[in-house]
Amino acid sequence: MAIVEIDKGSGFCFGVVTAIRKAEEELDKSGHLYCLGDIVHNSNEVERLESKGLETITHAQLRNLHDVKVLLRAHGEPPETYEIARQNNIEIIDATCPVVLQLQRRISDTYISKRNDNQSPQIVIYGKNGHAEVNGLVGQTNGEAIVIQDYNDIDNINFNRDIYLYSQTTKSLQGFQDIVKKIAARNNSKHIFESYDTICRQVANRIDKIREFATAHELIIFVSGKKSSNGKILFAECLDANPNSHLISSEDELCPDWLIGKECIGICGATSTPMWLMNKVKERIEQLGIEK
């Protein structure tokens, strides 16, 4: 029978752990809690919490709520969300990740302190346009920050102005460094270009470790929700390190043919993948192994 190992470094990051803990504490007390957006980009975990009374809402629905409790997930929110809560007498349970919160404050400080001649500073954010965290970061600049997802978006930067570059916390460190080099190469020396490495090391350090884990196994089963940006990044690293890697969102997506002839199988996942789900995948693999 094959050896099946779960990567000990995979699973929830501390920001997600905190958000889920706060949600469960409130659900244990009251049996119901609103959450603004998916608490984590993993449908299995969202469904588990919804069965306990968590109700996921949109920003449009938030505007129509009054006198209730709402949890803000680890991704963070723009100032507008807090203002709506204040006006509607909504009690906020704030589970914003401390790393994200610190980044929001840094961007806000830059936006305020670098303003001159009634002109706002040009703040650039390397991140995924429309991502919940990025929306919160852009909100610190009154919606004025420029979001760049890759090299093609660099043309949106005004190189006749000073540039202050930040990064979404879960982006690739190598990707950020490449963007810095591209901007520096085009920057007019008369203008300031400051870049701030604001990538979460708990996420960034996962890449080397997950590549090492992938190469140590014949077959890799990577478990991640389809909405997880971090999952896409980490799975790409797994696939590069070990071409015999497969992405699934639950144990039901396992293909028995993948297991044929494999004696060393590794299971890993994103920072939004619960450990209980990886354990279910392991159990299914072992069942299929017994059946074969």
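Visitor: How many of the residues of β12 are buried?

Guide: This is a predicted model, so keep that in mind throughout. In β12, 5 of its 6 residues are buried, and the strand is mostly covered.

Visitor: OK, and what is the strand order in the sheet?

Guide: It's an open sheet of 4 strands, ordered β1-β12-β10-β11, and the pairing is parallel. At the edges sit β1 (3-6) and β11 (245-248), each pairing on one side only. From one strand to the next, the twist averages 20°.

Visitor: Which helix packs on the sheet?

Guide: Helix α8, residues 201-215, does, and it touches β1, β10 and β12 (264-269). The direction of α8 makes about 160° with that of β12.

Visitor: Let's do the pairings. How many bridges join β1 to β12?

Guide: There are 4 between β1 and β12, with the strands running parallel.

Visitor: Then what joins β10 to β11?

Guide: Strand β10, residues 219-223, is joined to β11 by 4 bridges, and those two run parallel. Isoleucine 221 has histidine 246 in β11 as its bridge partner.

Visitor: Switching topic: how many salt bridges does the count come to?

Guide: The count comes to 16 salt bridges. One of them joins arginine 48 to glutamate 24, with the closest N and O atoms 2.8 Å apart.

Visitor: Where do arginine 48 and glutamate 24 lie?

Guide: Arginine 48 is in helix α2 (residues 43-50) and glutamate 24 is in helix α1 (residues 14-30), so the pair ties together parts that are 24 residues apart in sequence. Arginine 48 itself is partly exposed, at a relative accessible area of 26%.

Visitor: Which residues are linked with Arg48 in a network of salt bridges?

Guide: Glu24, Glu45 and Lys52 are linked with Arg48 in that network.

Visitor: What about glutamate 83, which residue does it form a salt bridge with?

Guide: With arginine 86, and the closest N and O atoms are 2.5 Å apart. Both residues lie in helix α4 (residues 79-87), 3 residues apart, which is about one turn of the helix.

Visitor: Is arginine 86 buried or exposed?

Guide: Arginine 86 counts as exposed, at 58% relative accessibility. Glutamate 83 counts as partly exposed, at 30%.

Visitor: Which residue does aspartate 252 meet in a salt bridge?

Guide: Arginine 284, at 3.5 Å from N to O. Aspartate 252 is in the loop between β11 and β12 and arginine 284 is in helix α10 (residues 275-291), so this pair ties together parts that are 32 residues apart in sequence. Aspartate 252 is exposed, with a relative accessible area of 60%, while arginine 284 is partly exposed at 27%.

Visitor: Now the inside. How many cavities of 30 Å³ or more are there?

Guide: The count is 2 cavities of 30 Å³ or more. About 330 Å³ of space lies in the largest cavity.

Visitor: What lines the largest cavity?

Guide: It has 24 lining residues, and Cys13, Val16, His75, Thr170 and Thr271 are the ones nearest the centre of the cavity. The elements that give two or more residues to the lining are α1, α5 (98-113), α8 and α9 (229-241).

Visitor: Which element gives the most to that lining?

Guide: That would be α1, with 3 residues.

Visitor: Last one: glycine 231. Where is its place?

Guide: Glycine 231 is in helix α9. Its relative accessible area is 1%, which is under the 20% limit, so glycine 231 is buried.

Visitor: And what is glycine 231 in contact with?

Guide: Leaving aside its neighbours within four places in sequence, glycine 231 is in contact with Phe222, Ser224 and Ala270. Also, glycine 231 and asparagine 42 are 189 residues apart in sequence, with their C-alpha atoms 9.9 Å apart in space.

Key: Residues are numbered from 1 along each chain as its sequence is written. This is a predicted model: local features need pLDDT of at least 70, side-chain atom pairs count only at pLDDT 80 or more; totals for chains, interfaces and linings use all residues. Side-chain values use heavy atoms; hydrogens and water are left out. Two strands pair if DSSP finds at least two bridges between them. Axes are lines fitted to C-alpha atoms, for helices over the stretch in contact, and angles run from 0 to 180 degrees between N-to-C directions. Contact means heavy atoms within 4.5 Å. A salt bridge is a side-chain nitrogen of Lys or Arg within 4 Å of a carboxyl oxygen of Asp or Glu. Buried means under 20% relative accessible area, exposed over 50%, partly exposed in between (1.4 Å probe, protein chains only). On a 1 Å grid over the protein atoms alone, a cavity is a set of points where a 1.4 Å probe fits but cannot get out, and a pocket is an open set with protein on both sides within 12 Å along at least five of seven lines; lining residues have an atom within 4 Å of a point. Grid points are joined across faces, edges and corners, and a volume is the space filled by probe spheres set on the points.
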